[in-house]
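Please open the structure in your viewer and keep the selection tool at hand, as this tour moves from one stop to the next.

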Amino acid sequence: MRSRRINSKCESTSIYAIEKAPFKDQPGNGINFDDCINPKPPHILKWASIKRLKENSLQKVLKNILDTNVGVDFKDLVNQGLKKEINYKYLLIELGKLLKQNNRLYLYIHLALEQVKSKVENELIYPRKVVLQVLHFIISHVGVSSLLGSKINFRLFMKLVKKVIYGSHHQNFSLSSMVHGFKVSHILWLQQSLPSNSLRLHVLACLVKWLLLYVQNIVNQIWRLVSLSSKELVFCDKTQWQKRKKAEIDSLIRSGPIRPIAGKEQEERVLHLGRTRFIIKPNGLLRPITVFRKPSDLADIKLRENARMLVSQFAHFSGSTNTIFGPCIDKLLQDGLRGIISCHPHPHTRPPYYFVKVDVSDAYGSIHHSTMLHILQTVYETVKPSDGDLEMRNVKLGRKSCIMFESSRLVIPSSVIKGSKVKNAEIEPVLQHIHECVSFLGTKIDGQVYRIRHGIPQGMYLSSGLCELYYSSLSSKFLREFQETRKDEIFIRYCDDYLFVTPCKERAEKFLLTCQFNFPNQHVSFNDSKALTNLYDNGISTVPFCGYSIDVNMFQIQSNFSSYKNTNIVHSLDLTKTKNPGRLILSRMRIVLKLHPCLLDIRINSKHAILTNIYKSSLLSAFRFYAYVNCYVPVGKLNQKFFLQCIKKGYRVIRNRVLKVVAKTFYYEGEWIFRSEIKLVVLKAFVARILKGGGVHQYPRILKYLKVTCDKISLHLQPGQLRLIKAVTDPLLPDIFESMK
């Protein structure tokens, strides 16, 4: 007979609870990489020294260690009888050594930076390898090794430090991954202070987390973490960074985009105030990014949504295709290329085509306020009915319910489901709000308020709509003859990027010449360094445009992965805190990137090009999956069976995406592509990623299953299909993916 389970009567604060769980591995109990940017709260060793804390210094530091949050309250878990057996005398001796060495911290920092001075090229950005070398020198001299008891524990701790330094934005390191591998038996003072092994493990978890927080505070004292344009965080010298930032602010004031405001009365006139931070562009220059906070008032939120919708409708009315109502960029490219191919279906009889791609320099910063207000007023007067004002109507846009504006000229698109009219609706507050978002903008930089006199901040909620409206109006004015294209031509504008494709060399030269002279009297200039054309027989075979690469001869289109070259894929991921990392990883496998319908259209691409697009998209999914596993799952908890389920889920999502597009192109499955071919290409991509990351020893079962499955699929394919797939997957990792981490 099965015995009945009896619930324990002991409280959760008893000693038996800590025997069961010395610490709780919850998301909030770990270490977050963002604490390197702004430690919360500041570490006690940052301001504490023996002189400042006087005779109670050791006791305060000890209390600070034991108060470290590891999910279990140590004070409540220790009963009165156990307190007599706990003796922190040996721990206090080690802490005394640490505090004495901490008084010389600035000396160690100076010595460490002097050693690596020759390894820093521009005196601003420190490579992570150099940062780790500086921290190793400081930590080894401060005396952390004596606290950890042995060289083995110290090496494990430095591996943790390396993991944190090589982390990315929002990345969280779990408590179990930090404590895993430490030898409690090597720490003599821990053996002598605590009688229970579970209590020792609890104090060790507090100590390791406390020391990592100390390291993060050292990082914050020496460096400033700044974002690159690729979202990667780099370590910048604080002094040099302040100099560069001050020089950039002075340059913005001199050139005119911003002007400092003095006094609280003038500050109140700036109705919309944002905060500006600087990122580093690939050329080493600083780029300001202004962000506006979302309002907490419900009325302000509705006003913002209505203003955003009205600006989008104005942009759509003025001819912009890059709004929430128009087709996306891949649809525009697909229709344009299919139009050219339908006119000239045979590549041998097709005339030479000329590609011209230009880019506006500083698109958002080039928007002139008076011109923007004039465009808004002109469009409003055009769509406004003569006998009244615009009407507001409840609509359903996809799954979202919102409000749109309607008149006899401003027609709601047919794709939107109309609802009832809004009673007692006033449009004047919405128009006034848009006017204020253009004319009364300000930003805060290091506590100083500045008035934005020229340009629109890219981080504002109306920025994309205003930018579309601005450049759509200017393009209609200065590039109208090129917008009215023939059937065998393509003209696409995506925000500040222009692409013109024509078989007429004179029209291509005229378009390039028009862009080189810029838009007269509009403060808009095109970036000559980014202009690209095949007019002059300069050996250009592909033209990159908005994340795609277009073959100038065959008109085949592929995804452009050049932005991932020499980068760590972790920096492009959203590493949020989660209690269930397995569920999060499985949900992320439902996301397929760089596999749009235009890449799978057999009427544009050959089968080789389509399989190449599938393979590269699968490689990107494999890299993302590998990064998620490394960030969320500790080494000791690698569940290969579950990871195999995630890979199968990723394959099914990619397969369904491909077959769905094939069905829409009026071709049936098996007519030119088979499921077995898709599966073989996808699984080979995951094999390539596991082999690159040294996963042969980490994931032997997964690798064996994938290889066996690939061999079984290959037995059922024709020799021609195998030759094609071999050409697609050779080499296993193309140059860009070979440089990715």
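This is a predicted model: local features need pLDDT of at least 70, side-chain atom pairs count only at pLDDT 80 or more; totals for chains, interfaces and linings use all residues.

Residues are numbered from 1 along each chain as its sequence is written, and side-chain values use heavy atoms, with hydrogens and water left out.

Begin by selecting α4 (residues 57-66) and α14 (residues 197-222), two helices that pack at about 105° with axes 8 Å apart; helices here are DSSP runs of H or I with at least four residues, numbered from the N terminus. Because angles of 65 to 115 degrees count as roughly perpendicular, α4 is roughly perpendicular to α14. Now show Val61, Asn64, Ile65 and Leu66 of α4 together with Val203, Cys206, Leu207 and Trp210 of α14, which make the contact (heavy atoms within 4.5 Å).

Next, look for the two cavities of 30 Å³ or more, a cavity being a set of points on a 1 Å grid over the protein atoms alone where a 1.4 Å probe fits but cannot get out. The largest cavity holds about 60 Å³ of space, and its lining includes Arg588, Ser621 and Phe625. Four of its lining residues, the largest share, come from α25.

Finally, select Phe625, Tyr626, Val629, Phe643, Ile647, Ile690, Tyr699 and Ile702, which line the second largest cavity, where about 50 Å³ of space lies. Here too α25 gives the largest share of the lining, with three residues.

Notes: Axes are lines fitted to C-alpha atoms, for helices over the stretch in contact, and angles run from 0 to 180 degrees between N-to-C directions. Angles under 35 degrees count as roughly parallel, over 145 as roughly antiparallel, 65 to 115 as roughly perpendicular and the rest as oblique. On a 1 Å grid over the protein atoms alone, a cavity is a set of points where a 1.4 Å probe fits but cannot get out, and a pocket is an open set with protein on both sides within 12 Å along at least five of seven lines; lining residues have an atom within 4 Å of a point. Grid points are joined across faces, edges and corners, and a volume is the space filled by probe spheres set on the points.
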